[in-house]
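Thank you all for coming; I would like to walk you slowly through one model this morning. Please have the sequence and the structure open beside you while I talk.

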Amino acid sequence: MRSWPIAASSLCRSWTASAAPTASWADIPNTAWCRGVEASTGALGHGLSIGVGLALAARMRERSYRTFVLLGDGEINEGSVWEAALGAAKHGLDNLIAMIDYNKLQSYGPTDYVLPLEPLADKWRSFGFAVQELNGHDVGALRTVLKQVPAVPGKPTAIICHTVKGKGLPAAESNADWHHKNKLTDSELDAIRVAVGDF
């Protein structure tokens, strides 16, 4: 496992055509061209399984690192996520933290329409996870919770981050059309520049 300090300027460059000739903003990060990505995945649902393996390896090698896995709410419709969750709880992987981006909107509709997830916190608890819920846009709350993991010794932690898809860009907020959007008009680019300012 590696730790990569990633400056905003290098993050932006990692997504350029010169860094990844076939990549676009809609592509899934790949170990071959995105610094700090530990595993390339195509279909959704594999991240938690890989994370369980990394967390178990840390224990077997007597290493102190923690494994963080970011999951989308649409992604957790995949059965492999829940199989991995069962394995994490069975092995008491308290060095594993699953962070769920719960914006309640998937690429083709609201999660309640596609496949309802509620009661989401209770589902994670029933799979043996300690659960924290917070406003995923509140950096201070995220910092506080992340300093306290594991939430319960001997249990993996699930942090449910309630978010708004596209937060900060009015045209994209809660708009599923922006899920895979990678061809932007000049006016859309101008709106993004106004929304993010001098990032």
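Proline 119 sits in the loop between α4 (111–114) and α5 (120–126), where helices, meaning DSSP runs of H or I with at least four residues, and strands, meaning runs of E with at least two, are numbered from the N terminus. The peptide bond that leads from glutamate 118 into proline 119 is cis, with omega near 0 degrees. Before I go on, please keep in mind that this is a predicted model, in which local features need pLDDT of at least 70 and side-chain atom pairs count only at pLDDT 80 or more, while totals for chains, interfaces and linings use all residues. Residues are numbered from 1 along each chain as its sequence is written, and side-chain values use heavy atoms, with hydrogens and water left out.

There is also a cis peptide bond from valine 149 to proline 150, with omega near 5 degrees, and proline 150 is found in the loop between α6 and β6.

Now to the sheet. In general, strands of a sheet pair through backbone hydrogen bonds, either parallel or antiparallel. Here four strands form an open sheet in the order β1-β2-β6-β5, with parallel pairing, and two strands are said to pair if DSSP finds at least two bridges between them. Because β1 (67–72) and β5 (130–135) stand at the edges, each with a single partner strand, one side of each is left without a neighbour in the sheet. From one strand to the next, the twist averages 20 degrees.

If you follow β5, you will see that β5 pairs with β6 (residues 157–162) in the parallel sense over six bridges, and that asparagine 135 stands opposite histidine 162 in β6. Helix α6 (residues 139–147) lies across β1, β2 (96–102), β5 and β6, and runs at about 165 degrees to β5; axes are lines fitted to C-alpha atoms, for helices over the stretch in contact (heavy atoms within 4.5 Å), and angles run from 0 to 180 degrees between N-to-C directions.

Finally, which residues other than glycine have a positive phi? Lysine 104, in the loop between β2 and β3 (105–106), has a phi near 65 degrees, and serine 174, in the loop between β6 and α7 (186–196), has one of about 55 degrees. Lysine 104 counts as partly exposed at 35% relative accessibility, whereas serine 174 is exposed at 53%, given that buried means under 20% relative accessible area, exposed over 50%, and partly exposed in between, with a 1.4 Å probe and protein chains only.
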